[in-house]
Amino acid sequence: MSKRDGVANGVSWDTLVGLILGIFGVLYFFHVWPNSVVFQLYGDSVHYNLSARTMLTKHFYTYWGYGPDAQVTPGYPLFLVVCYWIAGHLSKSPNAGMHLAFVVQLLLMAFTASTLYWISRRALNRVYAAIVGLLWILYPTTHGAYGQILTEPVFVPLLVGFVWVFLIAMEKQKRTWWFVAGLVLGLAGLVRPTVFPLVAAGAIALLIGVFKSKADRVAAAFTRNFISFVVHVVGYLIPLVPWWVRNYVALHRILLTDTDAGNPLMFGADPNFAHNPTLGRGLTPAQQEKLAIHMAEHGFATHPLAELKWYTLDKLGLLFGKPWLVASPLVVYAQPVLVVIGSIGVLMLFWRKGLRLVPWLTLYLLVTQLPFLPLPRYAFPMMPFLFIGIGVVLQWLIDGILRRRRRT
């Protein structure tokens, strides 16, 4: 390893810089800890907390607390169970479990900065990749999110981690990496099932590899890549199969995801959702889903342009117009600028071979969110990739300016 590419003992500069970013993130987040952590439960956090405590005391999985259900996938409540169980053996304080959950979430969010740096290095110089990690650390929503009993502080690190491991698997073509990529994706899906279909990304990437192989090696490449995909799927299924078996045993039906889609889909079909909290009250999830489809069909049939505007421009404005959990005027005004610049940079990555997964994934996350309730919280998982886009734009602009100066 050359001096340019590594440091003592064979540790690469990128590994070192990434770890420094993660450590800085941990120290910075602990510094802002008093203003970030919220012990008052509200909304979904009430049910996640109830779900975890019910599993610990009554040994069944529920969201509403009345009995076994599958309202949400169990990834995040299981994370809380582990934290609460460990904390219960260390302290008698009633808040010890939440304290530990917040600390673990803090570590996950901090080391997401490291992962973003390592991902960004595939397209960016070291300085700009470090800027991407710093943007994530300094973004006020990041250190507001880890202090919430909500899925985001666990889902976002898993999502970013999946991208990182998937890119390594594509580069090294080792079955171990394909297995780990599938495992991380399965864990992310257990927290939020919207990523379930991303298992197809492995099939697409491996199939492209077959097409790119030499004509006399297509059969061998197909066999090799097919086995890699099977290994990828096995890793993907390991976290999910227990959930599917549980649903069949406890609920006596096959349910691969959860039953929560009806409510956010229904409110996502109503442009007046913020002023209509009683919409769908008393309806089952299936009935809420039918109502949502009926509302959308009626809207497109009677005023198609207005409905199209609602499902595109209006929802984009609501998703990205303001940052989640932040009321600071400076950050509120900066949010649209960050989103626009980041979006331009993400689009530019379509022409960067090493990071084409990022724009495709960002587009997938956006498209799958548009039918549902448009809240800034649900745009937060896309922000890490927009920060990569900001790094792309910065490098393109500054390098372009420097090149022009050298010519003159």
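Phenylalanine 162 and phenylalanine 166 are both buried, where buried means under 20% relative accessible area, exposed means over 50%, and partly exposed lies in between, for a 1.4 Å probe and protein chains only. They stand four residues apart in helix 7, and therefore about one helical turn separates them; helices (H or I, at least four residues) are DSSP runs numbered from the N terminus. The model is a predicted one, in which local features need pLDDT of at least 70, side-chain atom pairs count only at pLDDT 80 or more, and totals for chains, interfaces and linings use all residues. Residues are numbered from 1 along each chain as its sequence is written, and side-chain values use heavy atoms, with hydrogens and water left out.

## Aromatic pairs

Rings of Phe, Tyr and Trp (its six-membered ring) pair if their centres lie within 6.5 Å, and planes under 30 degrees apart count as stacked, over 60 as edge-to-face and the rest as tilted. By this rule there are 23 aromatic pairs. The pair of phenylalanine 162 and phenylalanine 166 is tilted, with 5.5 Å from centre to centre and 55° between the planes.

The rings of phenylalanine 300 and tyrosine 311 are stacked, because their centres are 5.8 Å apart and their planes are at 20°. Since phenylalanine 300 lies in helix 13 and tyrosine 311 in helix 14 (residues 304-320), this pair ties together parts that are 11 residues apart in sequence. Phenylalanine 300 is partly exposed, with a relative accessible area of 37%, whereas tyrosine 311 is buried at 13%.

## The nonpolar core

A nonpolar core is a set of buried Ala, Val, Leu, Ile, Met, Phe, Trp, Tyr and Cys residues joined through side-chain atoms within 4.5 Å. The largest such core has 110 residues, of which Leu80, Val163, Phe380 and Phe385 touch the most other members. Helix 7 gives the largest share of this core, 12 residues.

## The second largest pocket

A pocket is an open set of points on a 1 Å grid over the protein atoms alone, where a 1.4 Å probe fits, with protein on both sides within 12 Å along at least five of seven lines, and its lining residues have an atom within 4 Å of a point. Of the 25 residues that line the second largest pocket, the closest to its centre are Phe166, Met170, Ile204, Ala205 and Ile208. Helix 9 supplies the largest share of this lining, seven residues.

Notes. Helices (H or I, at least four residues) and strands (E, at least two) are DSSP runs, numbered from the N terminus.
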